[in-house]
Amino acid sequence: MGMTMTQKILARSAGLDRVEPGRLIEGKLDLVLGNDITTPVAITEFNKAGLSSVFDKDKIAIVLDHSTPCKDIKSAQLCAACREFAGEHSITHFYDVGRMGIEHALVPEKGLAAPGEVIVGADSHTCTYGALGAFSTGVGSTDMAAGMATGTLWFKVPSAIKVNLVGRLGKYVSGKDVILHLIGMIGVDGALYHSLEFVGEGVASLEMDDRFTICNMAIEAGGKNGIFPVDAKTIAYLKGRVDREWQSFEADPDAEYAREITIDLSALRPTVAFPHLPSNTRTVDEAAGKPIQQVVIGSCTNGRLKDLREAAAILKGRKVADGVRCIVIPATQQIYLDAMAEGLVADFINAGAVVSTPTCGPCLGGHMGVLSDNEWAISTTNRNFVGRMGPTSSMIILASPAVAAASAVTGVVTDPASL
Amino acid sequence: MKIYKYGDNVDTDVIIPARYLNAPDEKSLASHCMEDIDADFASTVEAGDIVVGGGNFGCGSSREHAPLALKASGVRCVIAKSFARIFYRNSINIGFPILECPEAVDGISAGDAVSVDFSTGVITNKTTGAEFQAAPFPEFINGIIENGGLLKSLKARGVAK
């Protein structure tokens with residue numbers, strides 16, 4: 001029996017010729033990541049265990065992105081603890097306010113993720129870097145502490161679900177619609193303990209930003225990781241960012257999958273997810289007309305340049321509806337600069353939106369856009385759980401940047417093609 | 001002991017909402033545990049109580065604060081039909097017992113008296129007399145649990161210094 005992409009990467013990381021699903025291995029780590037919420041807990045555990053040094057100061061990234069610029073005194077104290085630890089251990093990739101971005105946009109942008117690498121992050125959306133053909137997965141703070149100390153971590157080798165993509169996306173349909181459609185199809189535990197391996201002739205037409213979005217939400221189907229094969233677009237993205245050697249892996253022709261699914265990209269409609277699960281999906285046609293009070297365009301899921309371009313194309317020359325607050329958050333400083341250079345930031349501001357410094361803020365109900373009682377938001381983020389962005393009575397609809405921007409203009413869930 | 005029974009997809013945002021993550025000390029986490037789906041939990045939970053969940057328990061955010069909040073609340077263990085994988089890792093890594101057993105979840109109601117033998121994985125509903133066998137942990141994971149968590153286990157093995 002052959003191996004999947006993920007199994008090959010894990011086998012190599014463990015120094016094994018082959019691995020089988022269910023086997024427990026200890027794999028070598030190429031990067032250990034944490035943020036300002038999870039790193040302080042890891043530091044506490046690291047110190048409590050009496051650990052004294054990190055395995056490699058160049059293979060740890062600490063990004064202060066969740067509550068920054070700090071929203072309150074306690075958050076500032078957590079960031080200070082990260083700063084102190086990073087200084088004490090001379091962490092090379094420490095990103096503070098002014099240099100930081102949302103971690104899952106920043107890590108690939110800075111060339112910290114490459115094909116075939118094994119990356120763990122104390123943040124569930126670490127699965128994003130599968131878009132580059134890496135094995136990357138979310139872990140907890142104790143895992144982060146162990147990873148920082150030893151450079152290895154235990155993994156259960158996953159079986160995979162093969163997602164065969166055919167056709168190509170139509171106008172106003174993007175990676176977000178692909179992943180919401182998939183989660184709607186298989187459920188929030190449909191890929192529990194599994195890899196989601198995206199293959200097929202449809203892959204070539206997907207831009208890197210769409211692939212990042214798709215892998216980012218693998219966790220929302222319960223997946224251990226999402227992964228794409230490496231192709232010309234991947235290599236073009238890596239150029240100028242990654243100068244170390246890397247190795248790409250393809251699944252064996254006789255690799256075994258727990259399940260195979262085909263998605264015809266040409267047939268997809270813009271898709272949204274209603275409260276309170278990402279699997280509660282409807283097409284925009286079924287959802288159109290639902291009033292919303294807030295729009296968020298950004299996050300590790302949809303705060304990249306392609307996302308901002310798609311939102312700006314709709315908001316340019318139009319106005320955000322009365323009674324609607326539209327918050328746009330470029331995911332990194334570089335994306336912010338690129339969006340300014342292209343005039344997108346002016347388009348947003350002229351439309352009546354606000355443009356924020358990079359932060360995870362509103363996605364998790366932290367700051368920069370918390371909801372009030374009974375309010376509805378349409379958001380390009382990744383979770384619409386009870387109480388995620390505000391009080392338990394507030395409601396979140398997950399959507400693509402194009403649908404979110406169109407809804408900002410009308411004040412109700414709107415198909416961009418109808419404007 | 002009391003049973004707290006919840007449905008499928010109990011996510012880590014409801015186990016401990018993000019607005020409380022700026023204070024990751026045990027007492028603070030315990031005082032807000034489960035409040036978005038069970039406002040009475042924090043004020044009524046006592047040491048030795050058991051949480052019973054459906055499928056995909058602990059889904060969503062990777063926050064280790066979630067199993068920490070349950071542990072700090074005095075919860076003895078969580079029994080669920082299945083666990084989201086990061087919550088599963090985190091619980092093992094901090095030495096917080098979790099048991100995967102769909103039959104037990106269906107066979108336990110709020111108000112039942114339940115005992116758990118962690119060495120055998122046998123769950124006994126003392127109210128109904130029914131016994132259930134939870135899925136056993138692999139030896140490697142048992143080693144982590146027996147050492148009191150991942151870091152202690154790595155120290156014991158001489159892997160971490």
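**Stop 1: between the two domains of chain A**

Start with the salt bridges between domain 1 of chain A and domain 2 of chain A: the count is two. This is a predicted model, so treat each stop as a feature of a prediction. Select E220(A) and R383(A). These two form a salt bridge, with their closest N and O atoms 2.6 Å apart.

Now colour by domain. Domain 1 of chain A runs over 5-263, and domain 2 over 270-418. Their C-alpha centres lie 24 Å apart. Select the contact itself: 39 residues come from domain 1 of chain A and 42 residues from domain 2 of chain A.

How much area do domain 1 of chain A and domain 2 of chain A bury between them? The figure is about 3,100 Å², with 62% of it on carbon and sulfur atoms. On the domain 1 side, pick out I102(A), Y172(A) and K176(A). These residues lose the most area to domain 2 of chain A, together 22% of what that side buries.

Next, show helices on the domain 1 side. The elements giving two or more residues to the side that touches domain 2 of chain A are α4 (103-109), α6 (175-186) and α7 (208-216) of chain A. The largest share, six residues, comes from α6(A). Colour that side of domain 1 of chain A by class and you get 14 nonpolar, 15 polar and ten charged residues.

**Stop 2: where chain B meets chain A**

Bring chain B into view. Select the contact: 44 residues of chain B touch 49 residues of chain A. The two chains bury about 3,700 Å² between them, 61% of it on carbon and sulfur atoms. On chain B, highlight R85(B), R89(B) and L151(B). They supply 20% of the area that chain B buries against chain A, more than any other three residues.

How many salt bridges cross the interface of chain B and chain A? There are three. Polar contacts across this interface number 20 residue pairs, both residues at pLDDT 80 or more.

Which elements of chain B give two or more residues to the side that touches chain A? Select α1 (12-15), α4 (65-72), α5 (85-93), α7 (139-146) and α8 (150-156) of chain B. By class, the side of chain B that touches chain A divides into 22 nonpolar, ten polar and twelve charged residues.

**Stop 3: R388(A)**

Zoom in on R388(A). It lies in the loop between β17 (376-379) and β18 (395-398) of chain A. Is R388(A) buried or exposed? R388(A) is buried, because its relative accessible area is 5% and the cut-off is under 20%.

Show the surroundings of R388(A). Leaving aside neighbours within four places in sequence, its contacts in chain A are C363(A), L364(A), G365(A), N382(A), R383(A) and I396(A). From chain B come D13(B), S61(B) and R63(B). Look at D13(B) in particular: D13(B) and R388(A) form a salt bridge, the closest N and O atoms being 2.7 Å apart. R383(A), also in contact with R388(A), is the partner of E220(A) from the opening stop.

**Stop 4**

Select helix α11 (residues 305-315) of chain A. E310(A) and K306(A) both lie in it, four residues apart, about one turn of the helix. Their side chains meet in a salt bridge (2.5 Å, N to O). E310(A) is partly exposed at 22% relative accessible area, whereas K306(A) is buried at 16%.

E342(A) sits in the loop between α12 (333-341) and α13 (344-351) of chain A and R309(A) in helix α11, so the pair ties together parts 33 residues apart in sequence. E342(A) is partly exposed at 39% relative accessibility. R309(A) is partly exposed too, at 41%.

**Stop 5: a salt-bridge network**

Finish with R18(A), E20(A) and R23(A). These residues are linked in a network of salt bridges. Within it, E20(A) pairs with R18(A), the closest N and O atoms being 4.0 Å apart. E20(A) is partly exposed at 32% relative accessibility, and R18(A) is partly exposed at 36%.

Now zoom out. Over all chains, the whole structure has 27 salt bridges.

How values were computed
Residues numbered from 1 in each chain as written. Chains lettered and ligands numbered in written order. Predicted model: local features only at pLDDT ≥ 70, side-chain atom pairs only at ≥ 80, totals over all residues. Heavy atoms only, no water. Domains from an automatic or database assignment. Contact = heavy atoms within 4.5 Å. Buried area = accessible area lost by both parts, 1.4 Å probe. Nonpolar A, V, L, I, M, F, W, Y, C, P; charged D, E, K, R; others polar. Buried < 20%, exposed > 50% of the residue type's maximum accessible area, 1.4 Å probe, protein only. Polar contact = N/O pair within 3.5 Å; in protein donor to acceptor, adjacent residues only side chain to side chain.
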